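Thanks for coming, everyone. Please have a look at the sequence and the model, and then I'll walk you through a few spots.

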Amino acid sequence: MDTRAVTSLLAVAETGSFSRAAHALGFTQSAVSQHVAAIERTVGARLLTRRPTVAPTPAGREFLRHARQMLAHEQAARAAVRRLEDDDAHAPIAMAVTPATEHLLPVGHAVAAVRVRDLAGASAALASGDVDLALVDGLTAPGDPLPGAAADVETRVLAEAPLGVLLPADHLLAARDGLALADLADARWLATSRTVCATADLAAVARTTLRRGTAYDGAAATTVARLVRAGHGLAAVPLSGLAPNGLARVPLTAPRLVHRIEVRVHAASRAVARAVAMRV
């Protein structure tokens with residue numbers, strides 16, 4: 001199937017307009033219409049409504065789900081070939097890092113680009129070939145992999161620590177030996193998404209809903225500590241090192257989770273990228 005046609009279909013579905021899709025892709029509107037019509041003939045179903053609005057049909061929604069995977073696999077295949085054909089030991093490498101792993105960034109080799117992404121974004125950048133190496137972190141159950149590691153990606157664990165709850169030192173639960181999330185059903189949590197052990201990640205991995213307090217969209221651990229100390233909400237943290245002044249860290253006992261940092265490269269990556277990954 002023509003990937004240009006698939007790209008056109010995705011653009012029309014996302015913009016809700018043939019003309020906007022054509023402008024975004026640099027095609028003529030006629031070409032985009034022909035691309036969509038050709039795919040519909042191939043699959044034997046109407047994938048988009050035209051009037052009164054342009055939108056995916058039920059068949060279109062199902063096709064688009066697979067189409068995104070098709071394009072991702074095609075991009076990954078091209079990247080794999082480039083890695084095999086271009087193994088220059090002196091060529092700069094591109095890297096993706098999550099906010100919590102920026103301090104581990106290897107800079108001893110020529111660097112073409114550093115992309116700061118969340119776990120899903122860094123994994124996607126590595127899969128697509130946009131980067132040669134990824135430094136990622138996230139929450140998972142002990143022994144389980146972090147999300148996003150494809151079968152053709154080699155992973156090395158750099159650090160792992162059990163998860164704890166950060167709360168003010170004078171909190172009623174600060175002296176406990178351990179806490180379950182069920183013990184904190186009425187507690188407010190900082191609404192974080194970019195910090196180490198972000199509340200959004202904790203809720204997703206634990207498959208629960210957490211009551212949110214103050215929203216913080218930064219990544220600084222010092223800011224998290226100040227907000228917790230001032231009573232604006234609790235936070236999840238790795239149980240490593242010492243708790244900041246005025247705060248206590250109590251192990252999270254149910255569910256048992258860990259914070260893990262990994263370095264990832266493709267199994268068929270350039271030798272230089274693999275060598276850099278081993279030096280992190």
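Start with Arg260. Leaving out residues up to four places away in sequence, Arg260 touches Val136, Asp137, Gly138, Thr140, Ala141, Gly143, Asp144, Pro145, Leu146, Val157, Ala159 and Glu160. Touching, or contact, means heavy atoms within 4.5 Å. Arg260 sits in strand β12, residues 258-266. Strands here are DSSP runs of E, at least two residues; helices are runs of H or I, at least four; both are numbered from the N terminus.

Is Arg260 buried or exposed? Arg260 is buried, at 5% relative accessible area. Buried means under 20%, exposed over 50%, and partly exposed in between, with a 1.4 Å probe and protein chains only. A polar atom of the Arg260 side chain lies 2.7 Å from the backbone oxygen of Asp144.

A word on the source. This is a predicted model, where local features need pLDDT of at least 70, side-chain atom pairs count only at pLDDT 80 or more, and totals for chains, interfaces and linings use all residues. Residues are numbered from 1 along each chain as its sequence is written, and side-chain values use heavy atoms, with hydrogens and water left out.

Next, helix α6, residues 199-206. Which of its residues are buried? They are Thr199, Leu202, Ala203 and Ala206. Seen down the axis of α6, these buried residues fall within an arc of 95°, so they line one face of the helix. That arc is taken from the directions from the helix axis to the C-beta atoms. An α-helix has 3.6 residues a turn, so residues three or four places apart point the same way. What do the buried residues of α6 pack against? The partners are strands β5, β6, β8, β9, β10 and β11.

Now the loops on either side of α6. Most residues other than glycine have a negative phi, and most peptide bonds are trans. Cys197, in the loop between β8 and α6, has a positive phi of about 60°. Cys197 is buried, at 4% relative accessibility. Just after α6, Arg207 has a positive phi too, about 55°. Arg207 lies in the loop between α6 and β9. Arg207 is exposed, at 79%.

Last, the peptide bonds. Where are the cis ones I want to show? One joins Arg51 and Pro52, with omega about 0°. Pro52 is in the loop between β1 and β2. Another runs from Ala254 to Pro255, with omega near -5°. Pro255 is in the loop between β11 and β12.

Note on methods:
Polar contact = N/O pair within 3.5 Å; in protein donor to acceptor, adjacent residues only side chain to side chain.
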